[in-house]
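Look over the structure below before reading on.

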Amino acid sequence: MEEVRLRDRHATRQRIMAAARDLFAEHGYDQVTMRIIAARAEANLSLINRYFGSKRELFAEVIAQQGRFPGVLDEAGGDLPRALAEYVADRLTSPGDSVLVATLARSAPSAEIQEILRERIRTAILEPLRERLPGDDAELRAALATALIMGSAQLRRVFGPAGEWRREAVVERLTQVFRACLC
């Protein structure tokens, strides 16, 4: 009996996360209510509160589970500029928006979640980059690289995918830019 209850709890939690992820990407943080999430997840509103505490905390967890950036640093090996260039090139040339990019674009105007977004960018991109860079100005160089990474998402969102650009040419140019920025 206990095993069935745990499995149901896990499945319900996953349905809530999936519904919240999709809704935040479609409509943004301010337009989504806990009732809408509960209806989409076919879950009781009280379960959302029990599992996540609040819409803000649910949003923070959705954001934390999205994105692959920390993995980019882990897989970079000895060529961090090239790994970052490939990550950004994938974002620029992919045919569709990622769920994370859509969520951030539609949710960014909300004052309620600004601290969540700052914290996520700081802990997922800025600090891990800074920790890998030598020198006194490592924080500045990490901030510049973060600006390039974050700006690529905005560029992609405004202009759409850069389908006419050859991915390899984008990677080569971006590798040069990241080398200048990071080294």
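**Helix contacts and burial**

Q: Which residues of α8 do Arg56, Phe59, Ala60, Ile63 and Ala64 in α4 meet?
A: Contact means heavy atoms within 4.5 Å. By that rule, Arg56, Phe59, Ala60, Ile63 and Ala64 in α4 meet these residues in α8: Glu115, Ile116, Leu117 and Arg120.

Q: How many nonpolar, polar and charged residues does the contact of α4 with α8 have?
A: Ala, Val, Leu, Ile, Met, Phe, Trp, Tyr, Cys and Pro count as nonpolar, Asp, Glu, Lys and Arg as charged, and the others, Gly among them, as polar. Sorted this way, the contact of α4 with α8 has 6 nonpolar, no polar and 3 charged residues.

The model is a predicted one, in which local features need pLDDT of at least 70, side-chain atom pairs count only at pLDDT 80 or more, and totals for chains, interfaces and linings use all residues. Residues are numbered from 1 along each chain as its sequence is written, and side-chain values use heavy atoms, with hydrogens and water left out.

Q: Are α4 and α8 roughly parallel or roughly antiparallel?
A: Axes are lines fitted to C-alpha atoms, for helices over the stretch in contact, and angles run from 0 to 180 degrees between N-to-C directions. Helix α4 (residues 55-65) and helix α8 (residues 114-132) pack at about 25°, with axes 10 Å apart. Angles under 35 degrees count as roughly parallel, over 145 as roughly antiparallel, 65 to 115 as roughly perpendicular and the rest as oblique. The two helices α4 and α8 are therefore roughly parallel.

Q: At what angle do helix α6 and α9 pack?
A: Helices (H or I, at least four residues) and strands (E, at least two) are DSSP runs, numbered from the N terminus. The axes of helix α6 (residues 80-93) and α9 are 9 Å apart, and the angle is about 15°.

Q: Is threonine 146 buried or exposed?
A: Threonine 146 lies in helix α9 (residues 138-159) and touches Ile121, Ile125, Leu126 and Leu129, not counting residues up to four places away in sequence. Buried means under 20% relative accessible area, exposed over 50%, partly exposed in between (1.4 Å probe, protein chains only). Because its relative accessible area is 6%, threonine 146 is buried.
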